[in-house]
Each structure stands twice: as C-alpha cells, then as structure tokens.
2 protein chains.
Amino acid sequence: MNWRGIQRLIGLLLGFYSLSFIPSLGLSIFYADGEAVHFAIASFITGMLGVVLWLPVRRDQSELRVRDGYFVVALFWAVLGVVGAIPFIIGLHLDFTDAIFEAISGFTTTGATVIQGLDALPPSILYHRQQIQWLGGMGVIVLAVAILPLLGVGGMQLYRAETSGVTKDEKLSPRIMHTAQILWGIYFSLTVACALAYLAAGMDLFDAVGHAFATVSTAGFSTHDASIGHFDSLAVEAICITFMILGGINFAIHFAVWQRRDPRRYLKDPEARAFLLILAASGLFVGLSLFVAGAYLGLGESLRRALFQVVSVMTTTGFGTADFSEWPRHVPFFLAMLAYVGGCAGSTAGGIKVVRVILLAKMGSRQMFALAHPRATVLIRLGPRPVPEEVVYSVWGYYTLYLMVAVILTGGMMAAGLDLESAFGATTASLNLLGPGLGEVASSFATVNAPVKWLAIFAMLIGRLEVFTLLILFTYAFWRQ
Amino acid sequence: MNWRGIQRLIGLLLGFYSLSFIPSLGLSIFYADGEAVHFAIASFITGMLGVVLWLPVRRDQSELRVRDGYFVVALFWAVLGVVGAIPFIIGLHLDFTDAIFEAISGFTTTGATVIQGLDALPPSILYHRQQIQWLGGMGVIVLAVAILPLLGVGGMQLYRAETSGVTKDEKLSPRIMHTAQILWGIYFSLTVACALAYLAAGMDLFDAVGHAFATVSTAGFSTHDASIGHFDSLAVEAICITFMILGGINFAIHFAVWQRRDPRRYLKDPEARAFLLILAASGLFVGLSLFVAGAYLGLGESLRRALFQVVSVMTTTGFGTADFSEWPRHVPFFLAMLAYVGGCAGSTAGGIKVVRVILLAKMGSRQMFALAHPRATVLIRLGPRPVPEEVVYSVWGYYTLYLMVAVILTGGMMAAGLDLESAFGATTASLNLLGPGLGEVASSFATVNAPVKWLAIFAMLIGRLEVFTLLILFTYAFWRQ
Ligand SMILES: [K+]
Ligand SMILES: [K+]
C-alpha cells in the first residue's frame, strides 16, 4: 500500500470539499435561516482536516497503483459521508447515526432519508442535502466510467475490447483526470438544462436547482415531503422522467452523442436500447395493472402514474408522485425487481445494471440451447461484438455475490427487528441506491432502529462501490503481500 | 421425437402404477373405512389407461434418445400426478385443483397439503398419501443419479469426470435399469430400518410405515395435523433427524458406503461433509437465537427444537415439531435460505443442492482473489479433483435461472393476491420441495386460491425436475429439427 499517496489524496479531497460548504453558507446568509455559522464551522473543520493530512506528505510524488485504488475509492465515500454529516449534526441536531445515514445516502445517490418534515427545514440545510447528491453523482460517473474499469471491476469493463482492465502497475491518475473533465462537462450541462426546464415549468429557482441536482444524479432527495408529487404538474413530471432517464444512461454514450452530434447513437448502444425498451414495457405493464385494478380513474392517469414510477425506480432515483400502498400487490414487488436491474453501467444509477442483466439473459438462453443442441457453440454478443467468455462469467459472479449480499442484509435487518416486507424493502432501497422502500421504510428510514440504519449505510456503500470494490477490502488475499 | 417409444413407456408406467393402489385397497378393507371401491376404480382406470396406451405400440423396439428423455421425465411426474389424484377426487371429493395439488405435492416429495383435519381422514387415504411420496422418492433418486446426468442436467454431473453427460445418441435404458435396482435396494433398506426404529420408539405400525415413507423420501406428509410434534417424543425426533439426513445425502454415496462397509466414506465426500457441517452450524445458530430470544425455556430445549427444524428444512422434508410464529423474525428467513440450499445432489431432497452452493462459494472467493492477484490462476476443486471450468460455469447458470424462476413465481403469486411474506413462503415451500411456507401458507395451502395452487404445482415440478429439464420443453430450440 502506498500510504503516503493515499493520505495526500484524501487530504486534497477534504481541502477541495471544504469549499463545497460555501454555497450553503451564502444561501444561509441570504435566507437568514441561522445556519451560516454551522456551515462555516463545517467548512473549517473539513479544511483543517485536509491540511493536516496533506501537509506532511505534500511533496509525495508517488503514483497510486491498482491495489491502492480500491482502498482510496472506499475511503472517498466514507470520509465524505462523515464530513458531509457535520451540518446535520450541529445544524439539525441529528444524532451521529442519523447524520451519517443522511450524508452517505446523499453521496451514494440513494436518497433515503431519516428526516421527516422537509418543508419546515432551513433552506440552506435543504440545499446542502441536494448538493451532496449532486457531488456524489459527479464522483460516481468518474468512478464507474474511469476508475472501476482500471481496477477490473464494474459493468463498464464489458465495453472494453480487452478482457481485464487490470494491469498491475498501470498509473491511474493521468487517464482518469482527462476522462473526468469530459464527463463532468456533460454532467454539468445536463444539470443546467434540467434546472432551466424545471424553471420554465414553474418551479422557483431554489426548487429548480435542488431538483435538477437530485434528478440528473438519480439520487431523489426532494425539498418537499411530497417529493415530485408536491408540484402536481404534468410538465414537471415529463421533465423529471426525461432527465432521470438521461441520468440512468452511460455517460460514455452521452459523450459519444455529444461528440458526433448524433442522438441516434443512444439507440445504437445495446444497453441503452434495452434500458429504454424495458422502461416502456414495464410502464405499460404497470399502467395496465393499475387500470385493471381500478386504482386510478382512467387509462391515461394509470399510465402516467405508472410510467413515472417505473422510470423513477428503474433509474433508482426514487422520486414519488403517488402512494404505493393502494396499488395491486404484485406492482411494488415488480418495481423492486426493476430496482435490482437498475440503470446502465457508467451512469449515476444503482442496481445490477442493464448490461449485466442482458448478458445473464443471453447466458441463460445459451445454456438452454446447449442442452438441446450439445454440439453447437454459441458466442455471446453485445451489439456486433462478441463478449470474451471470461467477462461473461464474471457477470455471473457479480450477480451471485450481489444477491448473496442482499440475502444477508435482509436477514440481518430481520434479526434487527424488521418484518420480512420492510427488511426486503430496506435492502432493495439501500443496496440498489433507490431510496424509498416497502413496509416500514416505504417513505423514510426515520422510524427504524440504529442497527438497521447501519446495515443500510453499509448496503449503500456496497451498492455504490459495485460490491467487489468494497468487499475485497475485507479479504485476506487483498492485504497479503 | 420417438413418440411410439414414449407412448409405450408411459403405458407401461401406468400399468405398473395401477398395482400401487392395491395396498391402499387392502388397508381400506382391513379398516373398513369405505374407500375400497374408490381405490378399485382408481386402479382400474389407471390400468386401462396404461393398456390403451401400450397395446398399439407394444411391439415397438426403438430406443429412447436424450431429447425424448426430457419429455418422458416431465410426463412421468405430470401423468402420475393426475392418476394419483383419483382417490382424492372420488374418495375425499376434493376439487380437481386440490386433488392434483395434493398428488403432485406427494410425487415431487414436497409434502405441502391442502387438506386440513388429517387425524379424521380414512386410514386408506392417509396411507395412499404417504405411499405417493415414497414412490416419488423412488422415482427421483433414479432421476437424479441415473437419468439427469445422461441428459446433461443436474448436480450429479458434477461428480463425473467428463464435463458433459450428453452424447447425442446414447441409449438410455440399460445403464438406468441397473443403477435403479441398486438405488432402490438402498432406498428400501433405509425405509425398513426407519420404520423399525419408529416402531421401537413407540409408534404403531401404521404410523411407523407412513412416517418412514415420508422421512426417507424427505417428503414430509404426516398422518397427523401436528406432524412429528404429535408424538412429542425425543426418540421419535432423533430417529426422524437421522433418517431425514440419510434421505438428504447422495444415494451414490450410500451405495459406496454399503459396498465397502465403510461409513467413513460419508465424511470423505466433500458434499456430504459440507452438508453435515452446515446442519450443525445452523442448528447451533438457530438454537442460540431461540435461547437468546427466550422463545423456549432452556438451552437444551432451544437446541433440540432448532436442530429438528434445521434438519427438517435443509433436507426439505418439512416435518414440524414447533410453531414458527413465536420465533425471532430472522429465524424463519434463515430457514427459508437453508431450504434454497437444500440437500445433496442425488438425494430425494430439493433446493439448489449443497454441491452447487459449495462451487458458488468457491467461485466467489476465486473472483475476489483474482481481483487482488490478477496474475494468479486458481483451479476450483471438489475434494482432490479439479472441476472442469465448463461445469463450474454451468452451476452459475443453474443458480441464476433458479432464482429468476423464484422471483417470477413470487411476483405471480402476489398478482394472484398473496402478500409478500406468503408469496415468498409459498414459492420457497414449493420450488424447493419443502412443504410448509410462511404467512398464509405456514401450515397448509388450504386457504389460497386456485391460481396460487397452480403456480405452486408448476413450481414443484420445476424444482423436482431441476429447472432445465422442464423449462427446456418450453423453448423453441428444443422442438426445432
Ligand atoms: K436514488
Ligand atoms: K418436503
């Protein structure tokens, strides 16, 4: 391990992050909501921490290697979760567990909350919550598109011609920084476009920016308890659906579309195509289920509610416009399964990712075909390109591990006192970075006990770091040598 | 397809099966319970059906091939489910759905029931129910040890040196008949031993034979509503645990033990060893959970209840001695997960099977290891022998398909009206051939509606036929050519 390099990087990160409290501080002064001094303290603590870490190793020129990468990535989210929680502790007087939960939930773009009564919160705290998500989204597109493939983890590696992204002594930083700049440009542009659209649809500037942060990052915190349902506007819902979908698509595809000025490239990408198809088919299925069950009056209203919820869940954003509890029982379960599928690799969405599910389906049908026709050999393709067998099988491993984690978390939450439905809902909501769950955690995690919250925090980190990246730190093999 | 060969085989099967009603008929006369004429009718219908099918093709000498095998195997269970249901229809006046459910539940050794008030049933009908399970167990050890490996499906193929069992034009019958005779000898001996032990522990002859049928076949029907709890005897429970475990171990290992007169071979088999280890660890975990939660008075009592339930669930027998509903919430969920693991390949138990779970765990840790040490290559071994990569990956496919089926069944049962816990419980109980579920189906399927029952029937057949064998019949690739 290159401890000095890691320390330097985390120090730099904290230094930069201390600046992120400034907009909240400014807003607090503007709204005179009394939080300004809290944000000043948070910024000072974070900055000092950064300086203290950075100073002794500031001249370190060593490069981080792949093994350091795993550790740094996990540390990024954990450290930012702690310092991002400071305003919740000193401003809102949340206890330690709740504050960490709220911050990690934001940074991982999960959007599950322990706070009830959002409409009454100081605006600067509300803004801080929204901004945390947006910064988390910035972090994750770089993680997913640029960093994890270099570590040999993550759905994006499936797009690469080489089978394994791991070259042991590869230098991480130069490639990552270049890619990051492009991705952040796209992310920033999408956010601005989304905020402008919300403004045009009638939101005030505060809500428009706050919800643009939460939409493009597919994180789903809202500044209102009623979430997007608060606005009760078809235009807002349409904008929200559009930008949730864009947030759920691979940012590398966004880049290709932008570079060639050719939106048809979305449909040329097999993953984005499947993603849109599943959204449309699921919207239709849920809409018809609602219509048949008579939960809403007409077919149009049923389809509108259904499409919003399907997009919100599959992109793992977690915004709401309707109350699930009156919907037919198989619909919430179906939506939960969509959350397990999740969005595209290289996006801000959570879940197993569409590309992996495509490969799982292709492997399943290949295995069936092989039983009937034992002599045939079939290559698995993604678009025109065959996928190396090694990569194909790594998807099976990922899926297996993901579900094992889900089962253990569900069991753990039941041991901590939740009933089956709530435990399943809480695991689904946290592991897939969705936010809202089922049963007791249908709208918030406010009423569950601390062990459940810590399990959910762990689940959010696992989900955000694509399982392997976090779990590998707990293996003997990683620390040996 | 060799339709004539298939018709001849099914005709023969029905002819033989018509004889199986004779013991019930005799018992009915002995107990004068008024069912004798019903069994005579059932026997006559079944025999006639067999003759009608067999007569026109009786001179057919053609051999069945692998593709015919899939179809025949599925047909065996479906056809016996229908004729085995006759006494339930004309004797107990169950409706068609309930009768088929009860018979398929028996033949697949699931042991889920739609009948309430067992203690008041005519003895001959009770005996018929017990015997169905025992015959189903006879069927399945031959299916699992001799037939499925030839078809290239099933956990037992993992034991073979060759990667694939499918040689397209291999003749099926001679090898199968020889293996079947040996396996049935072992199965019969275990049943006799179990019945004698139950007798010695104080059961009457009727209960001893009936419960021996249900124990060795790991099917779990009882002649009493209170199941094994009815006897409230430590001796009965100890015998039951012993023979459930024996029923859950690969019959090929039983054969090796018997052949060499060396019980240490059980511990030399990596699957049986893991099976026993998981049982012991799980018994301890559940026992301590019960003790800590104070559900039972002492540590001894807690461990006794726990061990029985752990063995009953993991061998997918489904006998009960206690009421789950007072147990801590994570325990029923943990037990459900044990049912998904299931017993050993080549046994009468259901579930994914221990050997596949071992390989899944080894694959998972190998993948973790590979991320930390990308240059190392690690072979996966089962005991001393490396497992071919092709087989290793087929396990992943099996697991994926199995869980997808579980998810779809759960969703389907929720669409049919069950709540999440009951739907999860009903799927767990039927797909893994366990029997008792959770929630509404905790003790029986009597109160659920017909669509749920048919989904459960389908699940039992899928579980019994190791998923691929049944699902392949619904693929285009199978019927083409
Ligand atoms: K979210
Ligand atoms: K059973």
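Biologist: How many salt bridges are counted between chain A and chain B?

Modeller: This is a predicted model, and the count rests on distance. A salt bridge needs a side-chain nitrogen of Lys or Arg within 4 Å of a carboxyl oxygen of Asp or Glu. Between chain A and chain B the number of such salt bridges is zero.

Biologist: How many residue pairs are in polar contact across the interface of chain A and chain B?

Modeller: A polar contact is a pair of N or O atoms within 3.5 Å. Both residues must also be at pLDDT 80 or more. Across the interface of chain A and chain B, the residue pairs that pass number four.

Biologist: Which helix of chain A gives the most to the side that touches chain B?

Modeller: Several helices of chain A each supply at least two residues to that side, among them helix 4 (66-84), helix 16 (354-372) and helix 17 (389-415). By class, the side has 29 nonpolar, twelve polar and seven charged residues. With 14 residues, the helix that gives the most is helix 17.

Biologist: Which three residues supply more of the area that chain A buries against chain B than any other three?

Modeller: The contact takes 48 residues from chain A and 48 residues from chain B. Together the chains bury about 4400 Å², with 74% of it on carbon and sulfur atoms. Of the area that chain A buries, 15% comes from A:R329, A:M368 and A:L371.

Biologist: What spacing do the donor residues of the potassium ion (ligand 1) have in sequence?

Modeller: The protein donors of this potassium ion are A:T109, A:T110, A:T218, A:A219, A:T316, A:T317, A:L433 and A:L434, each through its O atom. They lie 2.4 to 3.0 Å from the ion. In sequence their spacing is T-T-x107-T-A-x96-T-T-x115-L-L.

Biologist: Is A:T317 buried or exposed?

Modeller: Buried means under 20% relative accessible area. A:T316, with 0%, is buried. Because A:T317 has 1% relative accessibility, A:T317 counts as buried.

Biologist: How many residues apart in sequence are the parts that B:T317 and B:L433 tie together?

Modeller: B:T317 lies in the loop between helix 14 (299-314) and helix 15 (330-341) of chain B, and B:L433 in the loop between helix 18 (420-431) and helix 19 (450-464). B:T317 and B:L433 are buried. Since they sit in those two loops, the pair ties together parts whose separation in sequence is 116 residues.

Notes. Residues numbered from 1 in each chain as written. Chains lettered and ligands numbered in written order. Predicted model: local features only at pLDDT ≥ 70, side-chain atom pairs only at ≥ 80, totals over all residues. Heavy atoms only, no water. Contact = heavy atoms within 4.5 Å. Buried area = accessible area lost by both parts, 1.4 Å probe. Polar contact = N/O pair within 3.5 Å; in protein donor to acceptor, adjacent residues only side chain to side chain. Helix = DSSP H or I, 4+ residues; strand = E, 2+ residues; numbered from the N terminus. Nonpolar A, V, L, I, M, F, W, Y, C, P; charged D, E, K, R; others polar. Donors = N, O, S within 2.8 Å, 3.2 Å for Na, K, Ca; no water. Buried < 20%, exposed > 50% of the residue type's maximum accessible area, 1.4 Å probe, protein only.
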